[in-house]
Amino acid sequence: MAQYNLSTPLSKDDLAKLTSGDVVFLTGTIYTARDAAHKRIIEALDKGEQPPFDLDGAIIYYVGPSPAPPGRPIGSAGPTTSCRMDTYTPRLHSLGLAATIGKGKRDAGVKAALQEHTGVYFGATGGAGALLSQCIKAAEIVAFEELGPEAVRALTVQDFPLLVINDSHGEELYAVPNLAAAGCACADGG
Amino acid sequence: MRNIQAQDVIDAVAKMCMDANRYLPEDVLSAFKAAQENEDSPVAKEIFRQLLENSDLAQESGLPLCQDTGLAVLFVELGEDCRVEGGSLRDVLTQGVRKGYEEGFLRKSACDPLTRANTGDNTPAVIHIDVVPGDRLKICMMAKGGGSENMSRVTMLAPAQGWEGIKKFVVNRVAEAGPNPCPPIILGIGVGGTFDYAPILAKKALMRKLDDTHPDPQIAAMEKELLDEVNALGIGPMGLGGKTTCLGLKIAMGPCHLASLPLAVNVQCHSARHKEVVL
Ligand code: SF4
């Protein structure tokens with residue numbers, strides 16, 4: 001497992017060399033979008049309109065920050081659960097999206113898109129919103145201001161700490177639950 | 001009849017909302033430290049280091065611990081021999097939540113289930129009121145995040161499934177949830193009651209301290225047994241593998257219909273934010 005300091009936009013070479021378990025400190029611009037913003041972006045694409053930011057080489061951070069208190073660019077800003085965006089993500093990768101940042105599992109469609117388009121899914125530490133906020137130096141709303149915490153923001157980040165969860169080679173970092181050790185090998189319920 | 005001023009209730013609730021979102025309970029912080037020691041994996045240790053640093057930063061900077069500052073859930077016990085003067089109880093509690101989320105720069109997450117239109121002030125809160133003997137007003141506030149709440153489930157087991165069926169359901173639920181609810185998690189397990197009451201038992205169980213012991217030795221033993229099974233899954237902090245999948249598991253039981261075995265699994269993330277006040 002390697003450690004990298006990378007700057008945006010990420011090149012295909014940057015993305016291809018990353019493998020699951022690598023630690024990345026990211027510097028540059030990333031864009032926030034979660035459920036409602038994704039819906040709007042996809043609707044815009046369906047109508048043949050331009051997305052609110054250039055998708056080519058872009059990184060989307062799944063976050064709905066808390067309000068910025070006086071003197072700070074942003075409030076608490078940790079990741080939200082990524083799987084809610086799974087239906088939208090493959091299409092965005094096909095249009096050049098380099099990577100997404102969130103927490104939790106992705107579906108088979110996203111993992112296939114990462115391999116096909118050389119993308120990466122990064123994890124940030126869920127619930128560490130005050131800590132991650134320290135790496136965000138500026139925040140500017142670029143679209144859908146009416147969505148409040150769900151608006152699309154351009155964030156300027158410095159040494160934002162990330163972990164490669166799913167890489168472009170089909171590998172994943174998350175632990176596979178050991179049902180046998182837990183004494184419950186039959187997977188019903190849940 | 002003892003009078004409690006409406007403004008005192010509003011201010012107390014507002015303060016609870018703000019404090020809960022900045023200061024983790026001592027028992028939760030102690031559990032982080034113990035787990036950090038106990039983990040073998042450097043990645044798991046690092047996650048606990050980050051969570052402890054996050055807690056320090058929230059205290060120093062005033063930023064909330066997590067950007068998802070939750071829906072406010074209030075469990076209220078109103079003594080029969082006291083009343084709130086200057087406003088109706090539910091209204092006054094709601095005003096307190098509104099004030100706390102606004103003045104505390106907390107995120108407003110309450111929205112319409114279908115249009116998704118945000119209500120703008122994080123109300124309505126989810127409020128449960130019980131009338132109890134005495135002349136005090138006790139309010140327990142929990143800031144409940146969506147990520148872990150989404151991983152919670154209710155089921156109606158057949159009575160024949162019993163304790164084994166309960167364990168199987170809980171373990172499978174945690175396995176299925178994996179990294180999504182920000183492990184290490186805390187589990188509130190409601191057993192019995194009705195379809196609507198089991199989850200209330202489960203949520204109330206989450207208000208207990210992590211280091212307490214259930215007064216009924218049999219239930220205390222069950223809690224330990226199920227906690228060990230959940231931790232054997234090896235999901236670990238953030239789902240990255242490790243010994244600590246669950247920091248604590250609390251069971252609340254109530255009688256149920258002879259045809260039923262209701263079971264609720266309320267998943268709480270590591271950001272276990274709750275406060276209690278007695279007026
Ligand atoms: S699950 Fe908890 S810690 Fe994770 S993002 Fe939601 S509220 Fe925050």
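Mentor: Before we start, a word on classes: Ala, Val, Leu, Ile, Met, Phe, Trp, Tyr, Cys and Pro count as nonpolar, Asp, Glu, Lys and Arg as charged, and the others, Gly among them, as polar. Also, keep in mind that this is a predicted model.

Trainee: Which helix of chain A gives the most to the side that touches chain B?

Mentor: Start with the contact itself, where 44 residues of chain A meet 49 residues of chain B. On the chain A side, the top contributor gives four residues, and that's helix α5 (residues 129–133).

Trainee: Now α2(B) and α3(B): are they roughly parallel or antiparallel?

Mentor: The axes of helix α2 (residues 26–38) and helix α3 (residues 42–61) of chain B come within 9 Å and cross at roughly 155°. Angles over 145 degrees count as roughly antiparallel. So α2(B) is, relative to α3(B), roughly antiparallel.

Trainee: And which residues of α2(B) make that contact?

Mentor: On the α3(B) side you'll find K45(B), F48(B), R49(B), L51(B), L52(B) and S55(B). Taken by class, the contact has six nonpolar, two polar and two charged residues. From α2(B), the ones you want are L29(B), F32(B), A35(B) and Q36(B).

Trainee: Where does P9(A) lie?

Mentor: Its peptide bond with T8(A) is cis, with omega about -10°. As for the place, P9(A) is in the loop between β1 (3–7) and α1 (12–17) of chain A.

Trainee: Is T118(A) buried or exposed?

Mentor: T118(A) isn't a glycine, yet its phi is positive, about 55°. You'll find T118(A) in the loop between α4 (108–117) and β5 (120–123) of chain A. A residue needs 20 or more other C-beta atoms within 10 Å to qualify. T118(A) has 20 such neighbours, so it counts as buried.

Trainee: How many other C-beta atoms lie within 10 Å of M238(B)?

Mentor: M238(B) is another non-glycine residue with a positive phi, near 60°. M238(B) sits in the loop between α8 (217–231) and β8 (246–256) of chain B. M238(B) is buried, and the count is 31.

Terms used
Residues are numbered from 1 along each chain as its sequence is written. Chains are lettered from A and ligands numbered from 1 in the order in which they are written. This is a predicted model: local features need pLDDT of at least 70, side-chain atom pairs count only at pLDDT 80 or more; totals for chains, interfaces and linings use all residues. Two residues are in contact if their C-beta atoms, placed from the backbone, lie within 7 Å. Helices (H or I, at least four residues) and strands (E, at least two) are DSSP runs, numbered from the N terminus. Axes are lines fitted to C-alpha atoms, for helices over the stretch in contact, and angles run from 0 to 180 degrees between N-to-C directions. Angles under 35 degrees count as roughly parallel, over 145 as roughly antiparallel, 65 to 115 as roughly perpendicular and the rest as oblique. A residue is buried if 20 or more other C-beta atoms lie within 10 Å of its own, exposed if 12 or fewer, and partly exposed in between; C-beta atoms are placed from the backbone.
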